[in-house]
Amino acid sequence: MRFMEPLPNLDRLSVAEKDELIRVLYAQVALLSARVAELEARLALNSQNSSKPPSSDGLGRPKPKSQRQKGMKPTGGQKGHQGHTLKKVAQPDHIEAHPPASHCDVCHRPLSEAVVVETRQVFDIPPLRHEVTEHQVLEVRCPCGKVHRGEFPGAVAAPLQYGPRIKAAVVHLTHQHMLPVARTGALTGDLFGLPLSDATVLAIHAQGAALIAPTVAAIGEALKAVPVAHADETGMRVAGKLFWLHVLATESVTWIGSHLNRGKKAFDAFAILAAFAGTLVHDGWRPYRDLACTHALCNAHHLRELTYVFEQMQQAWAKRLIDLLVGACHEVAGAGAALPAERIAYYRCAYEAILAEGAAVNPRATPSGKRGRTKQNKALNLIDRLRTHGDDVWRFAADHTVPFSNNTAEQAVRMPKVKQKISGGFRTALGLETFCTIRSYLATLHKQRANCFHALTLTFQGQPPQPRFA
């Protein structure tokens, strides 16, 4: 019997036919119930219990849940944090005196010279306006007849051109603060009286990327030799097509590249991960697994998946595993070093026991007879992964240089996604490639607490500052 097929006339059915009809209806109810549960489970997915990005949560976004225990790290400035606020300067740029009236308003006698009794300082920026520097080549004729002529500086190559500071401001606005091209050109007009066309802004991007490209290539080479690196990838829209933005990062450097392919073809084209021999922190995606290096899995992903199993599937073992992983993370952070072998053995024993409990309440589906793997529920798939890659899950406990999560790579991905959300995507693959080059340089400088605007100004003067690669 197919779905929605009208029921036959029960009065004309025999007892055996009625029994068969009841069996079919029960089977259909079970199938439909499972389908409803699956659809409800999809609706319950959000950024707190899956790998979905926060932007997909919509207006009904759930309140973020923290694994931090109460009182452990209260909101606001932490102990030892050096605050930043306005402080009076000893030598102000301008002084405006506000003396009292020249005569007393009671006896009308003239007042003597007033003295300063109180000061207040106002911090502001001077009026902004572009300035034009004219370069003049001088010529003189020697009495012997030879003409001597001066030369323009190498950076002054055209009758009319833009200087390094306005170029630095353009790149800073578009690649560090993610403004769209058109709005950047309009903003330079409002702020500096120098509006720029889209073509001019894009030409400045291309020039900046060409100057920075050798430095970014050196960042990629340096990442091949680091002991721990973080990898991630995300989709980017380019002229209606899906490209992939790849990130490889540490706490001090960031490399970003783009490719049409998400996996091995991109890795081979970049030629960085193929030569990497350290520990790679990632989300467990299969192409990363095929790399010949040590692996560490992002436990932030595991916590989100376990949250789903606990809250939506009502399985208590998932909450116990969350507490176990978070407790181990706090112990490693408190120790400031890898855990002793006996503590790791304790955690691994408890880990396996909880996974066994989870497997007991999630029976494996019987083979369907169809080609391929038999579909299992989300909880069992998670349990299988946590069992198979247990060493990679607990890498953070055995090696203190390996972090608990892959936040370093995910933070590097976040700003390009902001760029896409604001601008809607890129018009050309070259535009995305240019963005990746400049963004790699600025993200690295930002991590190393360099002034990105000053660095860009020097870059357009032909002297790009080099970050620390080690």
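Biologist: In which loop is the place of Met178?
Modeller: This is a predicted model, and what follows is computed from it. Met178 has a positive phi of about 60 degrees although it is not a glycine. Its place is in the loop between H2 and H3.

Biologist: Is Met178 buried or exposed?
Modeller: Buried means under 20% relative accessible area. Met178 has 1% relative accessibility, so Met178 counts as buried.

Biologist: What is the handedness of the crossing in which H2 passes H3?
Modeller: The contact is made on the H2 side by Ile166, Ala169, Val170, Leu173 and Thr174, and on the H3 side by Thr184, Leu187, Thr188 and Phe192. These residues divide into six nonpolar, three polar and no charged. The crossing of H2 with H3 is right-handed.

Biologist: How is H2 oriented to H4?
Modeller: The axes of H2 and H4 come within 10 Å, and they cross at roughly 90 degrees. The range of 65 to 115 degrees counts as roughly perpendicular. H2 is therefore, relative to H4, roughly perpendicular.

Biologist: How many charged residues are in the contact of H2 with H4?
Modeller: From H2, the residues Lys167, Val170, Val171, Thr174 and His175 meet Val201, Ile204, His205 and Gln207 in H4. By class they divide into four nonpolar and four polar, and the number of charged residues is one.

Biologist: Which residues in H14 meet H2?
Modeller: The axes of H2 and H14 come within 10 Å and cross at roughly 90 degrees, which makes H2 roughly perpendicular to H14. By class, this contact has four nonpolar, four polar and one charged residues. In H2, Val171, His175 and Gln176 take part, and in H14 they meet Thr434, Phe435, Ile438, Arg439, Leu442 and His446.

Biologist: Which element gives the most to the largest nonpolar core?
Modeller: The largest nonpolar core has 35 residues, of which Leu223, Leu248 and Leu280 touch the most other members. Two or more residues come from each of H2, H4 (198-223), S3 (228-238), H5 (264-270), H14 (429-447) and H15 (452-460). With seven residues in this core, the element that gives the most is H4.

Biologist: Which residues is Leu280 in contact with, leaving aside its neighbours within four places in sequence?
Modeller: Leu280 is one of the residues that touch the most other members of the core. With sequence neighbours left aside, its contacts are Ala229, His230, Ala231, Leu248, Leu273, Tyr288, Leu291, Cys293, Thr294, His295 and Ala296.

Biologist: How many residues are in the second, separate core?
Modeller: This core includes Leu325, Ile344, Ile383 and Phe404. Its number of residues is 31.

Biologist: What is the C-alpha to C-alpha distance between Met236 and His259?
Modeller: Met236 has its place in strand S3 and is buried, with a relative accessible area of 0%. Not counting residues up to four places away in sequence, Met236 touches several residues, including Phe243, Pro416, Phe426 and Leu432. Met236 and His259 are 23 residues apart in sequence, and their C-alpha atoms are apart in space by 9.8 Å.

Biologist: Is Gln376 buried or exposed?
Modeller: Gln376 is found in the loop between H9 (341-360) and H10 (378-388). Beyond its neighbours within four places in sequence, Gln376 is in contact with Pro363, Arg364, Ala365 and Asn381. Its relative accessibility is 14%, so Gln376 counts as buried.

Biologist: Is Gln314 buried or exposed?
Modeller: Gln314 is in the loop between H7 (299-311) and H8 (316-335). Although Gln314 is not a glycine, it has a positive phi of about 55 degrees. Over 50% relative accessible area means exposed. At 64% relative accessibility, Gln314 therefore counts as exposed.

Biologist: What separates the C-alpha atoms of Ala341 and Ala398?
Modeller: Ala341 lies in helix H9 and is exposed, with a relative accessible area of 61%. Ala341 and Ala398 are 57 residues apart along the chain, and their C-alpha atoms are separated by 8.1 Å.

Definitions and conventions. Residues numbered from 1 in each chain as written. Predicted model: local features only at pLDDT ≥ 70, side-chain atom pairs only at ≥ 80, totals over all residues. Heavy atoms only, no water. Left-handed = near helix turned anticlockwise from the far one by under 90°. Helix = DSSP H or I, 4+ residues; strand = E, 2+ residues; numbered from the N terminus. Contact = heavy atoms within 4.5 Å. Nonpolar A, V, L, I, M, F, W, Y, C, P; charged D, E, K, R; others polar. Core = buried A, V, L, I, M, F, W, Y, C linked by side-chain atoms within 4.5 Å. Buried < 20%, exposed > 50% of the residue type's maximum accessible area, 1.4 Å probe, protein only. Axes fitted to C-alpha atoms, helices over the stretch in contact; angles between N-to-C directions. Parallel < 35°, antiparallel > 145°, perpendicular 65-115°, else oblique.
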